Amino acid sequence: MTTREEELKKRKTYLQIAGTACSNCHKTCKEAGVTSLLRCARCRMFHYCSKECQKADFQFHKTFCSAIEEVNNTEEAWYSCKGAESEWNKRKIYQMQLLSYVLDRELTDYERHAWLNQPKCQICFKCPRDLKKLMTLVPCPNCQVVFCCSSDHWEKHRSKHNDLCATYQIMLECEKIRYLPDQPLWAPEEYDENKSYPPLPKDWNEYFKWRKASHVLQHDSYCRVITNTLSLPLTILAALKRFYDRDQLHSINDMVIHLAGANQYELLALMAFEEIMHVLTNIKSLQLVMVGLEMFSKNNGFPLQCCPRCTEENRKRICSMYPMTYHDFATSLDYNKPHLVVGFNTGLYEDDTELWKPTIDCLLDKNLPCSFTSYSKKEAIEDVKILKKWGAKILTGSKENKWRSNMPLAEPQEVDKFYYNNYYITLFQGKVNKEKN
């Protein structure tokens, strides 16, 4: 099984988390030809279309399953939310802390994703565990990932959901495409050689035309999935243009990009970073250095497959992984100075802010060009406030990123809200009292 296949096995889809699709093969009842799915008797959270699928998924499920069972049996973890969204959020955070304690480690991105997106009534915020015997959550018949606990609550929520159900369905269609064995990662290697970078085209539509892939625009969900992946290299290219002039960019033969706080989003899109080489055709070697606590193990560099055109031209891509914080990596013998440090969807102001501080201090002290992205304008503004507080020299603050993903994702801690990867971008380099070299 490849790394990507393993990652997709661990990360459950919205339908799988909702209990309306098999947690192993992704099939719904209709697709599997069964009247109902089998629920895991221990955790009572994941569902399967057959005993065979349950057995096949067990190696990916067993550890989290045991922890969920223990939290389910902890009465104090299921205090009433009293119909308040704020209390529902507080309870989820408390439950994740309990899960982390039981597991004796931090939750992975996959585990947090599953727990934060578990089904609940959109009106009173009751989860399946809160309901009385013989009561079940009732899903929307169209999207099957939004629930209410009764017909009365559906009557209250129906009009609001009708306005958003189409977006939920787009989200699910995109997710289905992402889990295909031959998931689209980037546009074909062809491009209009009469145009060159910099600058980049003005938007995604023009970009796909430049890449001679206009056919992608005819398939909305397919196109959205590609933007979610290509948002990573295109955001990097947009940042490079801000820090280097055209002559400098076209004189770089061996490019080094550091990804701080790297996680499964970057891992699943690993092959798409070759787009940097497709756009900057002078690059002979692209080194991606992924630094983050969620990296599997230390790897000082392994070659990545290139497209036929890059292979014929003897161009190479190398990926290194370091399961540590960036500031620790920067003091190691493996450190090499990058052309750019990127942090995708860092959650700087809300997640592990103090853990980020020594990394930001390190980046500022080394006067490295940095590009950080955020899911929303609110997050981006707060990130900039923190960076300024820590002395960063902001070059571009909380600006809407035209190379953001167009693939909607459900906001797990708000009702009927969506977010998009890399929606806002912030560029900074050095300290306010330190001039750029």
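Buried here means under 20% relative accessible area, exposed means over 50%, and partly exposed lies in between (1.4 Å probe, protein chains only). This is a predicted model, in which local features need pLDDT of at least 70 and side-chain atom pairs count only at pLDDT 80 or more, while totals for chains, interfaces and linings use all residues. Residues are numbered from 1 along each chain as its sequence is written, and side-chain values use heavy atoms, with hydrogens and water left out.

**View 1. T396 is a buried residue in strand β11.**
Let us start with one threonine. T396 belongs to strand β11, which covers residues 392-400; helices (H or I, at least four residues) and strands (E, at least two) are DSSP runs, numbered from the N terminus. With a relative accessible area of 16%, T396 counts as buried. Which residues is T396 in contact with, leaving aside its neighbours within four places in sequence? They are R242, I425, T426 and L427, where contact means heavy atoms within 4.5 Å.

**View 2. L232 sits in helix α9.**
Helix α9 spans residues 220-243 and includes L232. Is L232 buried or exposed? Its relative accessibility is 0%, so L232 counts as buried. Neighbours within four places in sequence aside, L232 is in contact with Y265, E266, A269, F273, F344 and N422. For A269, which is 37 residues from L232 along the chain, the C-alpha atoms of the two are separated by 8.0 Å.

**View 3. Helices α7 and α9 cross.**
Two packed helices are described by the angle between their axes and the distance between the axes. For α7 and α9, the angle is about 70 degrees and the axes are 9 Å apart. Axes are lines fitted to C-alpha atoms, for helices over the stretch in contact, and angles run from 0 to 180 degrees between N-to-C directions. The two helices α7 and α9 are therefore roughly perpendicular to each other; angles under 35 degrees count as roughly parallel, over 145 as roughly antiparallel, 65 to 115 as roughly perpendicular and the rest as oblique. The crossing of α7 past α9 is right-handed, a label used if the near helix is turned clockwise from the far one by less than a right angle, with left-handed for anticlockwise. On the α7 side, I170, E173, C174, I177 and R178 meet D220, S221, Y222, R224, V225 and N228 of α9. Sorted by class, the residues of this contact are five nonpolar, two polar and four charged. Ala, Val, Leu, Ile, Met, Phe, Trp, Tyr, Cys and Pro count as nonpolar, Asp, Glu, Lys and Arg as charged, and the others, Gly among them, as polar.

**View 4. Helices α4 and α5 make another crossing.**
Here α4 (residues 51-72) packs against α5 (residues 85-103) at an angle of about 125 degrees, with axes 9 Å apart. That makes α4 and α5 oblique to each other, and α4 passes α5 in a right-handed crossing. Look for T63, F64, A67, I68, E70 and V71 of α4, which meet Q95, L98, L99, V102 and L103 of α5. By class, this contact has eight nonpolar, two polar and one charged residues.

How many aromatic pairs does the structure hold? There are 17; rings of Phe, Tyr and Trp (its six-membered ring) pair if their centres lie within 6.5 Å, and planes under 30 degrees apart count as stacked, over 60 as edge-to-face and the rest as tilted. The rings of Y168 and F418 have centres 4.8 Å apart and planes at 65 degrees, so this pair is edge-to-face. It links distant parts of the chain, with Y168 in helix α7 (residues 151-178) and F418 in strand β13 (residues 418-419), 250 residues apart. Y168 and F418 are both buried. For Y375 and Y419, the ring centres are 4.6 Å apart and the planes are at 70 degrees, so that pair is edge-to-face too. Y375 lies in the loop between β10 (370-374) and α16 (377-389), and Y419 is in strand β13, 44 residues apart. Y375 is partly exposed at 25% relative accessibility, whereas Y419 is buried at 17%. An aromatic cluster is formed by W204, Y207, F208, W210 and W403.
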